[in-house]
Amino acid sequence: MAVTNNNPIDLTNLELSIQISLSGHSFCVLDTSTKTIIELKAEKYSIKKTPSELLDAVKHLFNTETVLKQTFRAINIIHVNDWSTIVPKPLFKEDALADYLKFNTKILKTDFITFDEISANDSINVYVPFTNINNFIFDRFGSFTYNHFSTILIEQLLTFEKHSNTSKVYINTADATFEIIVLNKGKLLLYNTFEFHTKEDFIYYLLFTLEQLQLNPETIDVLFLGDIDKENPLFKIAYKYIRNVSFGNRMDTYAFAEKPLHNHSHFTLLKSL
């Protein structure tokens with residue numbers, strides 16, 4: 001989804017992507033002339049914020065980070081929340097956005113609902129963005145593009161696996177939620193978000209999903225994305241119950257001024273560029 005105005009924009013070589021959630025934010029700056037990520041930062045909030053508190057945090061970010069006080073040739077905003085649902089494109093009607101969301105998301109009459117197209121599997125992602133963040137970015141910079149994070153996640157994984165002849169399960173981890181993306185021979189079989197409090201909650205949801213889809217824990221490949229390593233309790237408990245557990249890979253096409261610690265972290269942020 002693109003937001004534009006008619007004001008002239010000073011073009012530079014820099015492109016900004018910023019990922020926003022109630023639990024934290026991250027951003028990166030790409031120098032398009034050298035194809036190098038010159039800045040990559042992330043912050044987790046100690047307490048989950050309300051949407052209004054989130055706006056204060058984003059304003060503070062832009063007021064304190066020197067690299068964010070310049071002109072960008074393009075700005076990408078990534079909204080991270082579970083206020084979304086995927087609709088097959090042949091069944092999609094733009095005048096029924098609220099109807100799609102109301103079955104799995106608590107929405108208000110005042111909520112602004114929008115959608116992204118997931119071209120890789122002919123579907124539409126209907127979601128509620130953080131409108132106050134969009135308004136702030138528009139007032140400050142003018143034109144920008146925004147998407148729901150799951151649009152980028154699904155689109156990129158489908159692209160990675162389009163020639164695959166097997167089934168794979170990707171787990172995208174965050175602090176208290178995780179996404180399961182199940183692909184079968186390059187096709188999306190399932191996408192879902194789960195909230196968890198313990199590693200036992202996590203493995204229950206994962207094993208239950210495998211059981212429902214008749215995927216064998218002895219043979220299925222499970223790949224983790226996110227800020228996670230082999231010492232993480234989620235990885236350890238998955239490794240205990242599932243034979244083939246490993247990490248995904250962003251397949252970076254950019255150089256880095258300072259390379260991230262893992263090749264599977266900041267997936268949607270860096271693949272949004």
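Helices (H or I, at least four residues) and strands (E, at least two) are DSSP runs, numbered from the N terminus. What we have here is a predicted model, in which local features need pLDDT of at least 70, side-chain atom pairs count only at pLDDT 80 or more, and totals for chains, interfaces and linings use all residues. Residues are numbered from 1 along each chain as its sequence is written, and side-chain values use heavy atoms, with hydrogens and water left out.

Consider helix H1, residues 51-64.

Which residues of H1 are buried? Taking buried as under 20% relative accessible area, exposed as over 50% and partly exposed as in between (1.4 Å probe, protein chains only), they are Leu54, Leu55, Ala57, Val58, Leu61 and Phe62. These cover an arc of only 165° around the axis, which puts them on the same side of H1; the arc is that of the directions from the helix axis to the C-beta atoms. In general, an α-helix has 3.6 residues a turn, so residues three or four places apart point the same way. The cover over the buried residues of H1 includes S2, S3 and H3, where contact means heavy atoms within 4.5 Å.

I turn to the nonpolar core, that is, a set of buried Ala, Val, Leu, Ile, Met, Phe, Trp, Tyr and Cys residues joined through side-chain atoms within 4.5 Å. The largest one has 27 residues, and Phe62 and Ile137 have the most contacts inside it. Among the elements that each supply at least two of its residues are strand S2 (14-21), strand S5 (74-79) and helix H3 (131-141). H1 gives the most, with six residues. Leaving aside neighbours within four places in sequence, Ile137 is in contact with Phe62, Ile75, Ile77, Gly142 and Phe144.

Finally, the salt bridges, each a side-chain nitrogen of Lys or Arg within 4 Å of a carboxyl oxygen of Asp or Glu. The whole structure holds twelve. One joins Lys89 and Glu117 at 2.7 Å, N to O. This pair links distant parts of the chain, 28 residues apart. Lys89 is partly exposed at 35%, as is Glu117 at 42%. Elsewhere, Glu39, Lys41 and Glu65 form a salt-bridge network.
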